[in-house]
Amino acid sequence: MLRYGRKCFMLLVALCVTSPVLGFAQREVQFTPVPNYFPAQPDNQLLGPTHGGAAVDRAGNVYVSTDTARGILVFGPDGKYQRSFGPGQIHGLHLQRERDGEYLYAARPSFHEVQKIKTDGTAVWTMGFPETAGIYANANEFNPTNVVALRDGTIFVADGYGKNFIHKFDRDRKYIKSFGGPGGNPAEDGKFHRCHGLAVDTRGSKPMLIVCNRESGRVEQWDTDGNLVKVLQRNLRMPAAAHVAGDHVAIAELQGRVTILGKDNSIVAQVGDNPKSDQRANFGLEPAQWTEGVVNSPHAVAFDRNGNLIVAEWSKFGRVLKFTKER
């Protein structure tokens, strides 16, 4: 009996090492491209330049900002075009669910401001540069790339095209503090070389910030008091934006890839990886050179309510993609 038990034990050990189907190894997440899910010419007009954000509301509607007169385009859960509203030239877009409804927080670097907008296009407020911070000589130095809010109303603004600080405000937009600041190339830990993207990390016991330190190739976790907690991943390809849903973090890498992190911040999937370096971060890449299922210049990313990926690219022509999460 003892010999038989030892053999069974050794067999079980071998299976643990060699067979992932038993569940002892972490399973990677798989995503499949959905061809032509979003129309290239919504309402018979070209999508137009996309250099902004993407967000998904509770009902599954997809919001994509453009640098056109139509501003934000809205697509239904089925991918069909519904309507447009709001201003153009929105760079970062964050959807926040609040007690009285859903709101979009928008960064507009060309206008040196951030806005809170209702999903019908009504502006709730507009906020300019934090004069009391003592960092800026004038509004033109403030070029915010992203803005997010916590559930308690606290606001964080990343000045990624300006002074490379993240600014913290209370729910009444009263300035609290600034943190980070410009570093080298790549920036030393605790400093930024293009704090381009922001997301709220809800995976732990208290909210954290995820910062895409783009030119440094890092995605970082910061606490809400402005302290660097840890670097989640290094050596990424220009991480531009992030979004959190459940245990996963999606990262849009401007140089042709979307990376998915798991709960322990290890890489569990890389989606749409473009092997052609000349197509990566290529704003003017012609549609004839696009490849189905391969991304070129991911600038925004969002999970939908089913865990699927929505990707908006930095593109002169406009490109929005969907990748379905395999069950």
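A charge sits over a ring if NZ of Lys or CZ of Arg is within 6 Å of the ring centre and within 35 degrees of the ring normal. This is a predicted model, in which local features need pLDDT of at least 70 and side-chain atom pairs count only at pLDDT 80 or more, while totals for chains, interfaces and linings use all residues. Residues are numbered from 1 along each chain as its sequence is written, and side-chain values use heavy atoms, with hydrogens and water left out.

**View 1. Charges over the rings of Tyr 103 and Phe 111.** Lys 116 places its charged end over the ring of Tyr 103, at 4.3 Å from the ring centre. Arg 108 has its charged end over the ring of Phe 111. Here the distance to the ring centre is 3.9 Å.

**View 2. The open sheet S14-S15-S16-S17.** Strands are DSSP runs of E with at least two residues, numbered from the N terminus. Two strands pair if DSSP finds at least two bridges between them. Four strands make up this sheet, and their pairing is antiparallel. Neighbouring strands are turned by 25 degrees against each other on average, direction ignored. That angle is taken between axes, which are lines fitted to C-alpha atoms; angles run from 0 to 180 degrees between N-to-C directions. Five bridges join S15 (residues 208–213) to S16 (residues 218–222). Val 211 has Glu 220 in S16 as its bridge partner.

**View 3. The open sheet S10-S11-S12-S13.** This sheet has four strands with antiparallel pairing. S10 (146–149) and S13 (175–180) are the edge strands, and each pairs on one side only. From one strand to the next, the twist averages 20 degrees. S10 pairs with S11 (residues 155–158) over four bridges, in the antiparallel sense. Asn 146 stands opposite Ala 158 in S11.

**View 4. The largest nonpolar core.** A nonpolar core is a set of buried Ala, Val, Leu, Ile, Met, Phe, Trp, Tyr and Cys residues joined through side-chain atoms within 4.5 Å. Buried means under 20% relative accessible area, exposed over 50%, and partly exposed in between (1.4 Å probe, protein chains only). This core has 17 residues. Those with the most contacts inside it are Phe 31, Val 258, Ile 260, Val 271, Val 301, Leu 309 and Phe 323. Strands that give two or more residues include S19 (248–253), S20 (257–261) and S24 (320–325). S21 gives the most, with three residues. Phe 323 touches Phe 31, Val 271, Gly 293 and Leu 309, among others, not counting residues up to four places away in sequence. Such contact means heavy atoms within 4.5 Å.

**View 5. A second, separate core.** This core has 14 residues. Among them are Val 114, Phe 142, Ile 155 and Val 157.

**View 6. Aromatic pairs.** Rings of Phe, Tyr and Trp (its six-membered ring) pair if their centres lie within 6.5 Å; planes under 30 degrees apart count as stacked, over 60 as edge-to-face and the rest as tilted. By this rule the count is 12 aromatic pairs. The ring centres of Tyr 37 and Phe 38 are 5.1 Å apart and the planes stand at 80 degrees, so this pair is edge-to-face. Phe 38 is buried, at 8% relative accessibility. Ring pairs link Tyr 37, Phe 38, Phe 75 and Tyr 81 into a cluster.
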